[in-house]
Amino acid sequence: MSLPLLPTGVVGSYSMPGWLERLKTEYILRRISRLELDEIHDTAVKAAIKDQEVAGVDIITDGELRRDNLIDYFAERLPGVQIDRASKKFYYDFYESSVRGRMPVAALGIVPDFKFLAANTDRAAKFCVTGPHSLVKRIRNEFYKSEEEFALDIARVMNLELKELVRAGLKYLQIDEPYYSGFPEDLPWGVKTINTLVEGVDARITLHICYGNRYGKPTWAGNYQYLFPAILDAKVHQLSLEFARRGGEDLDLFKEFSGRFEIGVGVIDVKDHEVETPDLVAERIRKAAASVPAEKLFVLPDCGCLHLPQSVAFAKLQSMVRGAQIVRKELKG
Amino acid sequence: MILHINHVQPGRSESTSGVVATLLSLLEAGDIDPNTLGHLNVHIDWLQYKSNFREPVSTRRVLKDDELLPLSEIAVDLRQIQPDALRRSLSEALNGAGPDSLETPKRVYLEDFTPTRSSIIWTFNAIFWKYLPIWEDASGKGYEKALPSGQSDGHNIQAITDSVQEFWEQLHSIEAKKLLPPEIYILEIGVGTGERARRFLDGFKALDQEKGTGYYPKLRFLAGDYSKATLHRVMESLVDHRDMATFVEVDAVDPFKALSHLRYKVMLITLSNVYDNLPTDELVLRDGKLFFVEVRAYVAATEVARICEKYQIPVSDFEKSVHKLLEQGPEKFDTLQQGVGFWMELWDAVRLEERLVSAHNLQEAHLPNAVKPSHIEGLIEAAPANMRFQLSSGATESFANTIPLLHPKGCLQVQDIFVERLNDYLHGFRGPGKMDGSIVNWVNGAFLAEVGKQAGYDVHFKPFKYRKGSKTTILYTTQRE
């Protein structure tokens with residue numbers, strides 16, 4: 001499946017409908033069954049896929065609509081992680097979770113979710129996982145000597161699952177590490193765990209690093225200077241970064257290393273409900289192309305569209321696609 | 001008949017039992033229509049504010065789909081009621097409470113029934129702030145003297161000193177993580193005289209120099225107020241900090257509108273005694289059913305005659321004079337003395353007639369922008385089945401339009417009178433009252449906390465510990481992780 005110049009995609013999540021939020025919470029409160037929730041998820045995911053296709057997006061995800069948040073989808077599946085089911089009342093809250101012994105190796109069981117995505121689109125499909133650094137910031141560690149040791153063990157367990165995903169046909173994998181920006185001092189071991197996580201995983205791998213998107217707003221502030229030089233050791237193909245909201249000032253940081261990574265440039269501000277015009281998107285892409293060769297650019301939102309209303313998310317994706325088309329035309333003369 | 005003893009002051013049990021005994025005696029004497037009695041709720045209150053919008057005994061009718069229901073309420077204020085007038089007042093009220101009784105004591109209405117937030121009383125409130133110096137000259141005392149402590153808690157020196165220390169510590173912890181931004185924004189909304197801002201900046205500069213941390217030169221202080229005149233006054237107060245200060249016209253209800261370029265950038269936002277003076281609606285739960293409160297302002301005809309005679313205004317010109325006052329100010333009367341005198345006595349005489357309008361659900365409520373009914377459904381479901389509470393419409397709107405300005409590690413501090421739990425509405429009167437020429441309302445903190453939570457913020461309250469007996473609370477809002 002070949003991609004055009006300046007391929008477009010989403011960063012994992014798509015708009016979470018209000019009705020789905022309510023139903024997820026109903027499930028947490030034991031008012032609907034798992035079977036019913038699974039059927040609801042299937043329907044919602046199909047709709048999210050369809051929206052992305054109609055908007056013209058090249059690389060599709062399942063909108064992450066099966067997930068409650070960044071953490072719990074994995075915390076519930078990681079072997080050896082204990083969950084306090086009574087600890088959350090609203091679906092978006094985090095479960096209280098902890099690890100009290102060495103994590104055994106076992107399947108996480110996320111492959112069927114990827115297969116569902118792949119079966120429902122003819123386009124390139126991307127699957128996203130939360131990275132070990134972010135997971136150790138939320139799962140209470142009562143066993144390992146350090147966060148680094150804990151994260152490396154998560155990476156070791158998840159690595160097998162990623163290989164299973166590849167066996168199931170996965171070509172595009174994304175790892176989300178939004179907590180890097182809040183804990184820049186962790187970056188050297190954070191990168192080490194990424195490399196453990198992706199060892200032998202034969203896919204195009206993107207590392208997504210933003211400034212947080214919890215409740216649709218940033219959790220941290222700053223610039224990407226902190227990524228260097230540690231990030232250069234990351235064995236990934238692409239960095240997906242947040243530029244639309246913050247302005248593209250630190251795009252220059254990547255000029256020097258433009259051959260090292262593809263850059264997934266954020267051209268849609270997902271923390272603002274105002275829909276960008278295609279011209280504005282095109283301007284942002286041109287700005288990125290001044291620092292990174294166009295053939296190494298992917299066109300993306302800053303982060304997931306989870307907190308945007310569906311109509312806004314859809315309109316933003318349409319603008320993103322049209323903006324990419326404008327620049328493509330210019331580049332082809 | 002159902003009797004609700006809402007708020008009773010210690011030592012007033014005798015007058016409470018007096019109300020009950022008088023009601024029974026009226027019943028015995030056949031002075032109460034039995035058809036009215038079956039649908040009657042009698043509320044016994046103690047109004048905290050000596051100056052307020054209620055009669056000693058008032059009647060509230062209930063409206064559903066434009067039809068008056070048999071259900072009605074009588075409210076008795078134990079603070080205002082005189083024992084010798086009790087029987088007559090109750091009898092009059094009860095006889096006006098039935099669905100077919102439309103007669104009310106002679107009143108001159110200043111508006112039609114309207115949700116409280118849009119009542120004409122808020123125009124009175126606005127002109128008070130607009131012509132504050134004129135009111136202060138006429139009353140012979142500054143506004144702060146009207147406050148319970150004779151001064152604003154916002155100016156308390158120890159409170160400001162502690163706030164400076166907390167802010168410095170906040171910056172220090174952010175710097176330890178190497179996340180301190182190059183420019184540190186502070187915003188004060190409703191900056192008043194600028195006294196608090198000056199003391200805060202003086203204190204911060206001194207502490208920063210003592211610690212040698214170099215934060216002060218990075219500060220960008222935004223003084224926000226809706227009044228240009230106020231901002232000019234504040235410029236003088238902040239002359240020692242002029243290099244870092246900016247003066248911005250800001251609508252307290254929508255600060256984001258003027259400051260959207262600072263989205264997620266402001267490290268500290270403070271407001272003192274702003275929320276309690278913003279328009280609000282009230283909701284009533286009766287047996288778990290929802291009602292909106294609508295009001296219409298009036299002045300008793302006897303008061304109209306008295307005020308007009310005193311200020312040599314023909315009674316036929318009364319309403320015209322009210323509108324002149326509200327639209328053009330007291331200076332447009334024959335003399336300033338006449339204008340201000342008319343204003344002060346008129347305001348003192350303004351009362352609110354209330355009615356309860358039945359609502360099917362919260363969708364019908366005028367909720368602040370950014371608040372969905374689903375945000376507060378749970379809160380209301382968990383509330384007691386019989387309760388009256390403020391929606392704090394203006395405060396909530398202000399809150400929802402302020403938090404997007406907060407830096408991810410920033411803090412919003414609001415010093416005001418908050419009702420922290422919905423259940424607290426069962427104990428004590430929460431407004432509206434009159435404070436000089438302005439309106440005062442407690443703020444529904446429980447509601448704000450819920451709105452904050454749904455938007456991803458932690459909201460907690462701390463008592464204002466710097467003045468004994470103070471009812472002020474400090475609300476802290478920080479981003480939830």
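Q: Which residues does T25(A) touch, not counting residues up to four places away in sequence?
A: This is a predicted model, and we can start with T25(A), which sits in helix 1 (residues 18-28) of chain A. Leaving out residues up to four places away in sequence, its contacts are K89(A), F90(A) and Y91(A).

Q: Is T25(A) buried or exposed?
A: The relative accessible area of T25(A) is 12%. Buried means under 20%, so T25(A) counts as buried.

Q: Which residue's backbone nitrogen does the side chain of T25(A) reach?
A: Y91(A) is among the residues that T25(A) touches. The side chain of T25(A) gets to 3.3 Å from a backbone nitrogen, and that nitrogen belongs to Y91(A).

Q: Where do K24(A) and D68(A) sit in the chain, and how many residues apart are they?
A: Their side chains meet in a salt bridge at 3.6 Å, N to O. The pair links distant parts of the chain, with K24(A) in helix 1 and D68(A) in the loop between strand 1 (59-60) and helix 3 (72-75) of chain A, 44 residues apart.

Q: Are K24(A) and D68(A) buried or exposed?
A: K24(A) and D68(A) form a salt bridge. As for accessibility, both K24(A) and D68(A) are buried.

Q: Which residue just after helix 6 of chain A takes a positive phi?
A: Helix 6 of chain A runs over residues 147-167. Just after that helix, a positive phi of about 115° turns up at G169(A).

Q: What is the relative accessible area of R100(A)?
A: R100(A) meets E142(A) in a salt bridge at 3.1 Å, N to O. E142(A) is partly exposed at 41%. R100(A) is partly exposed too, because its relative accessible area is 47%.

Conventions. Residues are numbered from 1 along each chain as its sequence is written. Chains are lettered from A and ligands numbered from 1 in the order in which they are written. This is a predicted model: local features need pLDDT of at least 70, side-chain atom pairs count only at pLDDT 80 or more; totals for chains, interfaces and linings use all residues. Side-chain values use heavy atoms; hydrogens and water are left out. Helices (H or I, at least four residues) and strands (E, at least two) are DSSP runs, numbered from the N terminus. Buried means under 20% relative accessible area, exposed over 50%, partly exposed in between (1.4 Å probe, protein chains only). A polar contact is a pair of N or O atoms within 3.5 Å; within protein, one must be able to donate a hydrogen and the other to accept it, and residues adjacent in sequence count only if both atoms are side-chain atoms. Contact means heavy atoms within 4.5 Å. The expected span of a helix is 1.5 Å times one less than its number of residues. A salt bridge is a side-chain nitrogen of Lys or Arg within 4 Å of a carboxyl oxygen of Asp or Glu.
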